[in-house]
Amino acid sequence: MATNAADEGAVLEVRNLKKYYPVRAGLLRREAGQVKAVDDISFDIPAQKTLGLVGESGCGKTTAAHTIMRGLEPTGGHVIFHDPQLGAVDLSIADKETLFKVRKNMQMVFQDPQSSLNPRMTLLDLIGEPLTIYKIAKGQELIDRVAELLKHVGLRPEYMRRFPHAFSGGQRQRIGIARALALNPRFIVADEPTSALDVSIQAQTLNLLQDLQDEFSLSYLFIAHDLSVVEHISDFVAVMYVGKIVEQADTRRLYHNPKHPYTEALLSSIPRPDPKIQKRRVPVRGELPNPADPPTGCYFHPRCPYAEAICSREEPPLQEVEPGHVAACHFSDKLTLRGVNDF
Ligand code: SF4
């Protein structure tokens, strides 16, 4: 499905992407089944836009991100990246040399800046490393470029000889962002970049990412475990449940006119200071199912307040409910679900 990216020029096209892991059992460790961590997902990310990919921990969104970046080998499907120099490249089959060239334009910002930054490297080494690997700058030119990047992310250039432990969590995330920006990429995967940060720092980091998007003409795949973070940064949102996308639309429609009960439950869980709103919440019941042994029919049926007999028998297809809006629910055209302002 699409986000009308064809009209706007997609940077990334994900088509029927799958990442399965074998489940082995018995003395001979024979393959007894598969975990479908990412199961046939498709989306586009248009130039200079952000797609928010949302779902509970364990739903497959981080595996999807790593499979898109080819850190993990896909089991099936295609990932087409529109590289400014190389044109359309299918990352799912690209050779090592092509991947090296393409990765200059595709970078990641990680969830935990503490563990993603080598504690033995100074900021100059950390942020300058991609420039050294790609032989883009050295000596004074490298120092000048790192100073410039530090300024872009709101850190003082004189910090560049310091080590990451001298900085707060929010500052370390800024260092991670500066490193991701070093090669002037076209596309960034931000994997829960704010979830390890204090609430007050989260907003600053989101604002920074938005400012940098305009400044550097970036496209983002922004991964989050709930809908509270992605609303203001995303142009489009895809909701994942047990490896599959269950709803996808532009942000306004998904937040105000959801068509899948799981999206309604995620919207209801967005923290609100008003105690009356707290009472009207319908938090999602139960646990995310085991992806090695998912429920029959609609994977969401054991937790769904609207489930009927068909839901445990037949898997609902992901289908268009209105232009640019898809959902996988047998009753998406009949249910009147609550939007973000209805709780
Ligand atoms: Fe709920 Fe049935 Fe829709 Fe699944 S198909 S989300 S169980 S109503």
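Biologist: How many cavities of 30 Å³ or more does a search of the whole structure find?

Modeller: This is a predicted model, in which local features need pLDDT of at least 70 and side-chain atom pairs count only at pLDDT 80 or more, while totals for chains, interfaces and linings use all residues. Residues are numbered from 1 along each chain as its sequence is written, and side-chain values use heavy atoms, with hydrogens and water left out. On a 1 Å grid over the protein atoms alone, a cavity is a set of points where a 1.4 Å probe fits but cannot get out. For cavities of 30 Å³ or more, the search of the whole structure gives a count of 1.

Biologist: How much space lies in the largest cavity?

Modeller: Grid points are joined across faces, edges and corners, and a volume is the space filled by probe spheres set on the points. For the largest cavity, this space is about 100 Å³.

Biologist: Which residues of the lining lie nearest the centre of the largest cavity?

Modeller: Lining residues have an atom within 4 Å of a grid point, and the largest cavity has 15 of them. By class, the lining has 12 nonpolar, 3 polar and no charged residues; Ala, Val, Leu, Ile, Met, Phe, Trp, Tyr, Cys and Pro count as nonpolar, Asp, Glu, Lys and Arg as charged, and the others, Gly among them, as polar. Nearest the centre lie Pro 261, Cys 298, Cys 304, Cys 311 and Cys 329.

Biologist: How many of the residues of helix α11 are buried?

Modeller: Helices (H or I, at least four residues) and strands (E, at least two) are DSSP runs, numbered from the N terminus. Buried means under 20% relative accessible area, exposed over 50% and partly exposed in between, with a 1.4 Å probe and protein chains only. The buried residues of α11 include Pro 261 and pack against β3, α9, β9, β10 and α10. Helix α11, residues 261-268, is mostly covered, and its buried count is 8 of 8.

Biologist: Is Thr 263 buried or exposed?

Modeller: Thr 263 is found in helix α11. Leaving aside neighbours within four places in sequence, Thr 263 is in contact (heavy atoms within 4.5 Å) with Leu 227, Val 239, Glu 247, Leu 254 and Pro 258. Because its relative accessibility is 0%, Thr 263 counts as buried.

Biologist: What separates the C-alpha atoms of Ile 175 and Val 153?

Modeller: Ile 175 has its place in helix α7, residues 169-181, and is buried because its relative accessibility is 0%. Along the chain, Ile 175 and Val 153 are 22 residues apart. The separation of their C-alpha atoms is 7.6 Å.

Biologist: What is the phi of Glu 192?

Modeller: Glu 192 lies in the loop between β7 and α8. At 8% relative accessibility, Glu 192 counts as buried. Although Glu 192 is not a glycine, its phi is positive, at about 45°.

Methods. On a 1 Å grid over the protein atoms alone, a cavity is a set of points where a 1.4 Å probe fits but cannot get out, and a pocket is an open set with protein on both sides within 12 Å along at least five of seven lines; lining residues have an atom within 4 Å of a point.
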